[in-house]
Amino acid sequence: MTDEVPLAPNAPRPMPRVLALANQKGGVGKTTTAINLGTALAAIGETVLIVDLDPQGNASTGLGIDRRSRRVSTYDVLTGEVEFRDAILETAVPRLHIAPSTMDLSGVELELAGQRDRAYRLRDAIRRLNAPSGMSIRQRNDIDYTYVLIDCPPSLNLITVNAMAAANAILVPLQCEFFALEGLSQLLKTVEQVRSTLNPDLTIHGVVLTMFDARNNLSSQVVEDVRQFMGEKVYETIIPRNVRVSEAPSYGKPVLLYDLKCVGSQAYLRLASEIIQRERTLRATAAA
Ligand SMILES: Nc1ncnc2c1ncn2[C@@H]1O[C@H](COP(=O)(O)OP(=O)(O)OP(=O)(O)O)[C@@H](O)[C@H]1O
Ligand SMILES: [Mg+2]
């Protein structure tokens, strides 16, 4: 007996929550947060896809994906050559997958120039990611994702705009350093522009303070300033500066696999539960 059901081509699909990690400032912890938040969410039962949208490919490298296995990448997804599923690779973490990137991605802006749907390439590909909900288990070639985390490049270019157009919400990593707030208003302005043109439902999920150094007074001052400026949008959880966090990528591992007990891993686990909690509140408010 077969349990296969014929499906309408536009049958509804379970949609993942799509969070874009964005900040045009370099080196603030976008990639580190994508990898380790993704791992922590997977560890607590979510099914997570990390989309590496940075031509540097740091998220792919940090998750142990060597360059030779990146034959199909997010570049091919954005140019419409392939579906997401053809680009996705497993990682060492159960329920955590990645769509890797290559340097090709740096040329995508020119390639898409003039295409009317150029800002929606990622959104449309994500809409086709999960299988239609009427599909039987036998027909599904893979699992459905509950979270998609997009690791953006340090720029507000077309790639980042694609991420913002595809996202439900933006997660902003801010490094606890003197110039932390510099550039934030430009980022918020871009989010506002995307909201008013491409994606009216886009919100700021939250701001995560990274690389906090308790021995440094400046770090505490930055926390205070950012909380003053962004209020409740700032997550309670602060990611400490922790050498284990910076060592882990050179082993191609998330810090949670490299050293689960270190303060960095524990902070990312707390951040994941805080994000899930915030999601519940958002859903409850939306339903009310
Ligand atoms: N909590 C932390 N403790 C120690 N080092 C950290 C921590 N978070 C990030 N780092 C280190 O800081 C550097 C920058 O981090 P990361 O690559 O995540 O930033 P990014 O915003 O993705 O950078 P880019 O803008 O280049 O993509 C990396 O070397 C990373 O290992
Ligand atoms: Mg990065």
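Tutor: Let us begin with burial: a residue is buried if 20 or more other C-beta atoms lie within 10 Å of its own, exposed if 12 or fewer, and partly exposed in between, with C-beta atoms placed from the backbone. This is a predicted model, in which local features need pLDDT of at least 70 and side-chain atom pairs count only at pLDDT 80 or more, while totals for chains, interfaces and linings use all residues. Residues are numbered from 1 along each chain as its sequence is written, and chains are lettered from A and ligands numbered from 1 in the order in which they are written.

Student: Is Ser73 buried or exposed?

Tutor: Ser73 counts as buried, because it has 24 C-beta neighbours inside 10 Å. To place it, we need elements: helices (H or I, at least four residues) and strands (E, at least two) are DSSP runs, numbered from the N terminus. Ser73 sits in the loop between helix H2 (58-62) and helix H3 (74-78).

Student: Which residues does Ser73 touch?

Tutor: Two residues are in contact if their C-beta atoms, placed from the backbone, lie within 7 Å. Not counting residues up to four places away in sequence, Ser73 touches Ala87, Pro100, Ser101, Thr102 and Asp104. Phe84 is 11 residues from Ser73 along the chain, and their C-alpha atoms are separated by 8.6 Å.

Student: How do I read the overall fold?

Tutor: Start with the elements: the protein has 12 helices and 7 strands. Its radius of gyration is 19 Å, close to the 19 Å that the globule rule gives for 288 residues, so the protein is as compact as a globular protein of that length. The radius is taken over C-alpha atoms, and the rule is 2.2 Å times the number of residues to the power 0.38. Along its principal axes the C-alpha trace spans about 65 × 45 × 40 Å. Buried residues make up 43% of the 288 residues. Of the contacts with a separation of 6 or more, 78% are between residues 24 or more positions apart.

Student: In what order do the strands line up in the sheet?

Tutor: Strands of a sheet pair through backbone hydrogen bonds, either parallel or antiparallel. Here two strands pair if DSSP finds at least two bridges between them. The 7 strands form an open sheet with mixed pairing, in the order S3-S4-S2-S5-S1-S6-S7. Strand S3 (89-90) and strand S7 (203-210) are the edge strands, each pairing on one side only. Inside the sheet order, strand S2 (residues 48-52) and strand S5 (residues 147-151) pair in the parallel sense over 5 bridges, and Asp52 stands opposite Asp151 in S5.

Student: Which residues have the most contacts inside the largest nonpolar core?

Tutor: In soluble globular proteins, nonpolar side chains tend to be buried together. A nonpolar core here is a set of buried Ala, Val, Leu, Ile, Met, Phe, Trp, Tyr and Cys residues joined through C-beta atoms within 7 Å. The largest one has 78 residues, and those with the most contacts inside it are Ala20, Ile150, Ala163, Met164 and Ala167. Helix H1 gives this core its largest share, 7 residues. Beyond four places in sequence, Ala163 touches Ala20, Ala22, Leu53, Leu122, Ile150 and Cys152. Ala163 is also one of the buried residues of H7; in that helix (residues 158-166), 8 of 9 residues are buried.

Student: What surrounds ligand 1?

Tutor: A residue is near a molecule if its C-beta atom, placed from the backbone, lies within 6 Å of it. Ligand 1 is surrounded by 20 residues, the closest being Lys30, Thr31, Thr32, Pro154 and Ser246. Helix H1 (30-43) and helix H10 (243-247) are the elements that give two or more residues to this shell, and H1 provides the largest share, 3 residues. By class, the shell has 6 nonpolar, 11 polar and 3 charged residues. In this scheme Ala, Val, Leu, Ile, Met, Phe, Trp, Tyr, Cys and Pro count as nonpolar, Asp, Glu, Lys and Arg as charged, and the others, Gly among them, as polar.

Student: Where is Arg95 found, and what is its phi?

Tutor: Arg95 is found in the loop between S3 and strand S4 (96-99). Its phi is positive, about 70 degrees, although Arg95 is not a glycine. Arg95 is buried, with 21 other C-beta atoms within 10 Å. Arg95 is also among the contacts of Ala42, a residue that lies in helix H1.
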